[in-house]
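Subject: Model handover

Hello,

Here is the model for your files. My notes on helix packing and one of the pockets follow below it.

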Amino acid sequence: RKRHPNWPSRKEAYLTLSVVTVSGLVCIAVYLAGRGLVDTLSLNRAAAGFLPPVALVSLLVAVLVGARATLLAGVVLSLLTAYRVEGHVLLASYYMMVVLLGGLTGRKCRRRADLMRAGLTIGVVQAALAPVVLLLADGALHFNALAVVAAAFLSGVLAAIAAAGLLPLFEQLFEETTDMRLIELASSDNPLLKQLALQSPGTFYHSVMMSNLAEAAGDVIGANGLQCRVMALYHDLGKMLRPSYFAENQRGGNVHDRLPPELS
């Protein structure tokens with residue numbers, strides 16, 4: 001069921017390290033901004049520790065590399081973030097649960113909108129976990145624990161927004177074709193597919209039929225059916241140069257009947 005071998009490639013290793021680094025910088029920046037905000041509003045300073053979007057790393061790694069790689073990347077970022085915000089072991093455990101949840105929700109993301117739904121799910125779960133962490137740490141809930149709950153929910157939303165913004169950047173830098181990119185390529189609004197439909201309508205119809213067969217076959221054998229579909233959609237683009245020379249586009253006769261065999 002997994003599309004990658006057990007041992008990651010060099011590209012996947014570099015990609016994972018880059019995601020961890022960028023996610024760590026985002027988390028620290030959000031924490032510093034949140035700490036200044038809670039000090040200004042005279043809120044519970046513990047709220048700033050629940051604001052860093054640690055789920056960002058698992059969302060990005062799950063989409064770009066695979067769900068299995070989220071565990072290592074998430075644990076590393078959880079420990080580094082907990083150390084930087086001077087959090088206790090319960091906060092680090094909270095971060096680890098969050099990144100695991102991000103990996104579970106991130107591997108199901110096939111569209112940009114799925115990232116926002118994943119962020120809302122993560123935010124709700126974080127908002128439910130935050131009071132538990134406070135209760136275990138201090139033995140009682142603070143009078144302004146609502147600020148902590150709000151920060152925890154906002155963290156999930158920030159993770160989704162940051163993932164949606166950073167994902168195209170990593171796709172371009174590492175030339176990684178995610179399922180989200182494949183869906184965009186399979187859209188009938190794609191200019192190249194529009195051109196194929198206008199210039200070679202028979203070839204376009206043939207490619208659509210092939211894509212349906214390829215996707216079904218890929219799903220059955222455990223391959224990436226979506227990738228098979230996109231590859232089939234684009235496999236006959238060259239026929240746009242001489243559409244009338246191919247049987248599916250011919251109307252009222254075959255041009256090859258008038259050509260010598262070697263030229264045909």
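Which helices each supply at least two residues of the lining of the second largest pocket? They are helix 1, helix 2 (46–49) and helix 6 (112–138). Helices here are DSSP runs of H or I with at least four residues, numbered from the N terminus.

First, the conventions. The model is predicted, with local features needing pLDDT of at least 70 and side-chain atom pairs counting only at pLDDT 80 or more, while totals for chains, interfaces and linings use all residues. Residues are numbered from 1 along each chain as its sequence is written, and side-chain values use heavy atoms, with hydrogens and water left out.

The pocket

The second largest pocket holds about 290 Å³ of space. A pocket is an open set of points on a 1 Å grid over the protein atoms alone, where a 1.4 Å probe fits, with protein on both sides within 12 Å along at least five of seven lines; lining residues have an atom within 4 Å of a point. The volume is the space filled by probe spheres set on the points. There are 18 lining residues, and Arg-45, Ala-46, Gly-49, Val-85 and Glu-86 lie nearest the centre. By class the lining has 9 nonpolar, 5 polar and 4 charged residues (Ala, Val, Leu, Ile, Met, Phe, Trp, Tyr, Cys and Pro count as nonpolar, Asp, Glu, Lys and Arg as charged, the others, Gly among them, as polar).

Helix packing

The axes of helix 1 (residues 10–40) and helix 3 (residues 55–64) come within 9 Å and cross at roughly 155° (axes are lines fitted to C-alpha atoms over the stretch in contact, and angles run from 0 to 180 degrees between N-to-C directions). Helix 1 is therefore roughly antiparallel to helix 3 (over 145 degrees; 65 to 115 is roughly perpendicular, under 35 roughly parallel, the rest oblique). Contact residues (heavy atoms within 4.5 Å) include Leu-15 and Val-19 of helix 1 and Leu-56 and Leu-60 of helix 3. This contact has 9 nonpolar, 2 polar and no charged residues.

Helix 3 also packs on helix 7 (residues 145–173), at about 40° with axes 9 Å apart, which means that helix 3 is oblique to helix 7. The contact has 13 nonpolar, no polar and 1 charged residues.

The axes of helix 6 and helix 7 come within 7 Å and cross at roughly 150°, so helix 6 is roughly antiparallel to helix 7. Their contact divides into 21 nonpolar, 5 polar and 2 charged residues.

Regards
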